[in-house]
Amino acid sequence: MTRRSFLQAAAKTILAMGFGGLFSSRSAHAATDGIYHMRQIITTDPAHTRMIEWDSPQLLENVCVELRRADGKAEQYIPAYRYLSMDGETQFIYHAEIPVSDGASYRVIEPNGATAWIPLTRSASEMTRALLFSDSQCGESYDVWREVYHAAWQRHPNADFAAIVGDLTDNGESAWHWRSFFDVMEGADAPLARHVHVPVLGNHEYYGLSWTAVPPVRYLSTFALPDNGSTDFRGHYYSFDIGSVHCIVLDTQFLELEGRGEALKREQMDWLMRDASASTAPWKIVLMHKDILSYGEYQTEQETQHGISDVGQVFLDTFDTLGIDLVVSGHVHAYRRRQLRTRQTDAHGTLYLLAGPAGNEYFDVPAEDYDLAAGPNPVPSNYLYMEADAQHLHIRCETVRGTILDTAELHK
């Protein structure tokens with residue numbers, strides 16, 4: 001069964017089940033049927049604030065996020081919501097930004113019940129730790145994504161955030177795919193609700209139910225992301241500071257945006273120059289979905305399948321100018337390590353890491369001349385684990401089984 005035929009069959013099944021079947025699972029921490037997929041999403045300053053979000057199949061009356069501080073004092077925050085009607089589903093997506101402090105916890109309450117209290121954790125060290133996933137998309141089951149995601153958190157429970165570098169789901173408009181993606185991120189340890197998550201747009205977020213390019217409406221409705229000052233592309237790109245790291249999230253889907261792609265390219269580049277130049281953080285890292293090299297995928301602008309990609313042509317020289325230390329990308333479903341400056345391999349240049357898949361889509365990927373290290377081909381499901389303080393950045397690629405495929409170090 002192809003992805004498309006499976007998706008069409010799943011949609012018919014869901015519609016036949018009726019509205020109640022649309023939300024088949026709820027948070028393990030929920031004590032109310034109106035709250036699903038409770039999650040923490042990144043803010044500009046995650047050391048001091050968090051965005052709390054959840055989904056509901058109905059409009060909730062008198063709902064709020066309650067914050068309990070270490071001294072026992074409680075505050076309530078009234079959420080905003082977005083209304084989404086897509087793929088036969090009506091959904092209300094709630095969000096509220098709350099402060100965070102040592103020993104604080106939060107819950108969501110509404111007249112019919114409340115969730116359990118969820119701790120709001122902050123790093124107690126000078127080290128910034130991150131889990132970096134890419135291509136969690138799956139076909140007929142998200143069981144592999146479940147295994148990768150939970151294995152990574154079990155090995156690194158003190159990570160400050162988890163980023164998913166594009167292609168979160170296989171289809172950007174499918175209610176089944178998004179629900180399946182979130183369902184497996186929940187569980188007894190509830191990392192979705194307990195830890196900060198950083199989403200990045202990929203090309204699959206732009207896929208409609210007919211598998212043609214559409215605006216990423218469900219993605220942009222699902223995540224309330226840091227403000228980038230844009231009117232036309234709010235949520236497509238943003239940045240945040242955490243510890244010694246300034247993290248920049250970019251949208252590389254110029255092709256999928258079709259007629260609006262050039263506008264995004266210009267606006268995002270102007271913002272990138274201002275944002276990165278203004279940062280005084282020791283480390284500047286970029287998270288973006290499409291890679292700087294082609295790896296056999298046809299590049300429409302250059303009419304080639306090899307060497308620097310169309311996306312690489314856009315960003316490589318700018319990353320040199322801005323002194324970007326690390327770029328993490330996905331899309332290719334392979335692990336590769338490269339280090340470039342002035343479009344040449346250079347031990348003092350920007351470190352480019354290609355990671356994934358974190359799901360169950362495996363590809364045969366050719367080599368590129370810039371590759372300094374490569375995983376097996378096809379590579380097993382994997383993720384990156386990063387640690388950074390003011391002088392050192394260490395990152396390694398780990399498979400779902402715990403095998404370390406590669407490590408890299410940067411020093412100031």
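I started in helix H2 (residues 143-155), where arginine 146 and aspartate 143 sit three residues apart, about one turn of the helix. Helices here are DSSP runs of H or I with at least four residues, strands are E runs of at least two, and both are numbered from the N terminus.

A note on the source: this is a predicted model, so I kept in mind that local features need pLDDT of at least 70 and side-chain atom pairs pLDDT 80 or more, while totals for chains, interfaces and linings use all residues. Residues count from 1 along each chain as its sequence is written, and side-chain values use heavy atoms, without hydrogens and water.

Back to that pair: the side chains of arginine 146 and aspartate 143 form a salt bridge at 3.5 Å, N to O. The term means a side-chain nitrogen of Lys or Arg within 4 Å of a carboxyl oxygen of Asp or Glu. I looked up accessibility too (buried is under 20% relative accessible area, exposed over 50%, partly exposed in between; 1.4 Å probe, protein chains only). Arginine 146 is partly exposed at 37%, and aspartate 143 is partly exposed at 44%.

How many salt bridges does the structure hold? I found 19. One of them joins aspartate 102 and arginine 122 at 3.2 Å, N to O. That pair links distant parts of the chain, 20 residues apart: aspartate 102 is in the loop between strands S6 (89-99) and S7 (105-110), and arginine 122 is in the loop between S9 (118-119) and S10 (128-133). Aspartate 102 is exposed at 53%, whereas arginine 122 is partly exposed at 32%.

Last, I noted aspartate 346 and arginine 341, whose side chains meet in a salt bridge at 3.1 Å, N to O.
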